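This report is for a reader who is seeing the structure for the first time. Please look over the sequence and the model before reading on.

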Amino acid sequence: MSEQDQQVHLATLAERNRIAREIHDNVGHLLSRAILLLGAITVVNKDENLTPQLDMLSATLDESMAKMRSSVHDLHDDSIDLQKNFTEIIGELKNFSITTDLDIDESIPTNIKLSLIGILKEAVTNILKHSNGDSVSIILQRNYSFCTISVSDNGTLSDNAIKRINSDDYEGIGLENIKNRARSLGGDAYFYTNDGFTVFARLPYSMNEK
């Protein structure tokens, strides 16, 4: 149920951002064109009686553009609260000792946010289902061109499990989803089995939209 709710939540966020982009691209373009046309008409207008109406129309269009941008900004930015989503997912680790080092920036690209949330969710679900450890470390770091996320627990793995996880064709326990998320953005994901189990992903910004 929790996983299904998260999937629905992420789908809702993605749809809200699609709507925000369409409003910005389509309505914003039409308003910009109207403002330019009105400016041209104002320049060539020789009827002083029309000047007040043209000025009023110009002010109305400028206000409409400002409100449209504000609405798109609210719809786009409020739809994905990275801090809130991280807090909710980490909160599922109730029986673990947790240490975090999270360099969260809400201005990073939306698809990076969605991938970070998805990767963290997969890693936490994996820990809840399979780890016999009692502590988890979660680190999110970023710079101007990429960010990295690392989720580690101190659970022990059998030799057979280590071989399967490290094999090139291994699929299961959400690890393939993590790889696919990272690769779809031009990034990489790795899994380390020394001193517990670690999920590490590197996501570049260069291939992504703001």
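Predicted model: local features only at pLDDT ≥ 70, side-chain atom pairs only at ≥ 80, totals over all residues.

Residues are numbered from 1 along each chain as its sequence is written, and side-chain values use heavy atoms, with hydrogens and water left out.

## The sheet

Helices (H or I, at least four residues) and strands (E, at least two) are DSSP runs, numbered from the N terminus. Two strands count as paired if DSSP finds at least two bridges between them. Five strands make an open sheet with mixed pairing, in the order E1-E2-E3-E5-E4. Its edge strands, E1 (97-102) and E4 (188-192), each pair on one side only. From one strand to the next the twist averages 10°. Angles here run from 0 to 180 degrees between N-to-C directions, and axes are lines fitted to C-alpha atoms, for helices over the stretch in contact.

| Strands | Sense | Bridges | Bridge partners |
|---|---|---|---|
| E1 and E2 | parallel | six bridges | Thr 99 and Ser 137 |
| E2 and E3 | antiparallel | seven bridges | Ser 137 and Ser 152 |
| E3 and E5 | antiparallel | eight bridges | Thr 148 and Arg 202 |

Strand E2 covers residues 135-142, and E5 covers residues 197-204. E2 and E3 form a hairpin, with three residues between them. Strand E3 (residues 146-153) has seven of its eight residues buried, so it is largely enclosed by the rest of the structure. Buried means under 20% relative accessible area, exposed over 50%, and partly exposed in between (1.4 Å probe, protein chains only).

Contact means heavy atoms within 4.5 Å.

## The nonpolar cores

A nonpolar core is a set of buried Ala, Val, Leu, Ile, Met, Phe, Trp, Tyr and Cys residues joined through side-chain atoms within 4.5 Å. The largest one has 36 residues, of which Phe 86, Leu 116, Leu 120 and Ile 149 touch the most other members. Elements giving two or more residues to this core include H3, E2, E3 and helix H6 (175-184). H4 gives the most, with nine residues.

Which residues does Ile 149 contact, leaving aside its neighbours within four places in sequence? They include Phe 86, Leu 116, Leu 120, Ile 139 and Val 199.

## A loop residue

Asp 195 lies in the loop between E4 and E5. Although Asp 195 is not a glycine, it has a positive phi of about 55°. Most residues other than glycine have a negative phi. Asp 195 is exposed, with a relative accessible area of 76%.
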